[in-house]
Amino acid sequence: MALVVLSALTSETPRPGNISLSNFTLSNFSTVFGTGAMRAAGNSLIVGIGGSAVALLCGGFLAFVTARTNAPARKFLYFAGLMPMFLPSFVGALAWGLLGGPNAGLLNILARDLGLAPFMNIYTLPGLIVLLGIYYAPYAFLLIHASFSLMNPDLEESARVHGATPGQVLRRVTFPLATPAILGAAILIFTLTVENFPVAQMIGSAGGLDTLPTYIFRLMNSAPSRGNEAAAVAIALVAVVLIVTAIQRRVISKRTFTTVSGKGLKPAKVDLGWFRIPALILGALYFVVTAVLPIGALIFVAMHDSPYVASVVGSIQAGNLNFNAFADVLTNSTVHKATTNSLVVSISAAVIGTVLAFIVSYVVNRTRIPGRAGLGYISMIPLAVPAIVLGLGLLWTWLLIPLPVYGTLVVMVIAFTAAQMPQGFQGASAGILQIHQDLEDSAVMHGANRVRAIWRVTVPLLRVPLTSTFLLLLMLSMRELTVPLFLFTTDTRLLSIVIFDNYENGILQSSAATSVLYCVLIFLLAWLARRFGEERQRTS
């Protein structure tokens, strides 16, 4: 980040062996107030607010239904809430570009097959908002579901005993107690949608819409490169997100959200009544939109001789489908190497990131160490830095630092741990804020030292949020595309890089087939991680 700041304040972009401490200027910041940047900022603001609202609506609804209600098929609804995490946003953008294009989109072609008029154009601002919202909804689902799962039922029972109706209990007790998770999810999703580059590039730019990341990308790739101005725009974005984060912490600090004490936890189920079946239908519809249709489109394109068809029904009836693209991908040595690299980097970054997030969250929320608030803000900074600028900054950093890690998987692990730190910090903090410190202090009073009390009392109580945090970091690392674009070499290519390269080169069948296998791998990793967490919980 220091190199990005230095770049914004000089007229020369830092390069390996060429860090200039002269030619300081503030002229780069004039770009921040230019027409292009202001238009991109306006689009980013609309996308951030709209995408966050869609994500909170979808993720929060499914979290509440699965954690606290008597809706039927709650295991399926839980799976539906997580399903978009198995489909990275850039893969979802690729799939919905195939489905919702105004001319060659499969849904529009299918509508013509059925004698209907084309009805969809995904390359619009509403299309970009909905697409980002539904694919970031799992973050809201995981954080809010963990909060509902830890909620003490005594507080709700007390409200009922004093005459509150079920609706009043939800409005005045249940949802207010989940405020840290909801606010954390809102801030997280807002910043993720604002800084998202792949989806904005594939959907927004194709429709003539610039957001701040795509605008920064255009500045950096213009001829000559305008990297200094891009850094200035990135710093302005950092300042805005830090202000939003400060507001969030100020709101939370005014109230107490402790819900876990020494008593047992058996949250009561809310009776949905007539809404049980509609709730299931809404969850199933979300599953179809986020998973069934995109994966179906990827499989169809991968199995067809050409990504462009005149008739969907006619292509299926003519028997033009085959598995050649899947066979090519499964026997490709580059894909094999990229798969191994992705697994090593993602699992390592998730383990290190979860441990680091817990330590930082504990210091910020449970200690009185001077500067702990600043540590929390530092943890959030990577979230405010567009991934494309963060990747460039990391590239400069590890080229300049005299450690032989550039060109290895180690630099990927370091980069992913740094990039995902805000998400880990938010997830761990939401759990810690709900654990009463008296439980840990009681262990200390009975003779345990502080470290042992944390390990034997606090950590077990945080098993659900920490497992969710690990799962979140694992999924984010597996899905990451923008940061490794600046760090990969021939030997350290990841699966996301292989898919993006094939897409950029117009090899859509191979890109679609690799995307399907990529999603299967992410699903298997998530399933194993969840099974491991459940097994640890049963044996403890």
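A residue counts as buried when its relative accessible area is under 20%, as exposed when over 50%, and as partly exposed in between, using a 1.4 Å probe and protein chains only. By this criterion, 54% of the 540 residues of the protein are buried.

The model is predicted: local features need pLDDT of at least 70 and side-chain atom pairs count only at pLDDT 80 or more, while totals for chains, interfaces and linings use all residues. Residues are numbered from 1 along each chain as its sequence is written, and side-chain values use heavy atoms, with hydrogens and water left out.

The secondary structure consists of 25 helices and zero strands; these are DSSP runs numbered from the N terminus, with helices being H or I of at least four residues and strands E of at least two. Whole-protein values are tabulated below.

| Quantity | Value |
|---|---|
| Accessible surface of the protein (Shrake-Rupley method, 1.4 Å probe) | about 23,200 Å² |
| Part of the accessible surface belonging to carbon and sulfur atoms | 66% |
| Contacts (heavy atoms within 4.5 Å) joining residues at least 24 apart, among those between residues at least 6 apart in sequence | 77% |

Helix 24 spans residues 495-504 and is mostly covered, with seven of its ten residues buried. These are Leu 495, Ser 496, Ile 497, Val 498, Ile 499, Phe 500 and Asn 502. After helix 24 comes Gly 506, with a positive phi near 80°.

Glu 229 lies in helix 12, which covers residues 227-253. Is Glu 229 buried or exposed? Glu 229 is buried, because its relative accessible area is 18%. Leaving aside residues up to four places away in sequence, Glu 229 touches Asn 28, Thr 31 and Leu 219.
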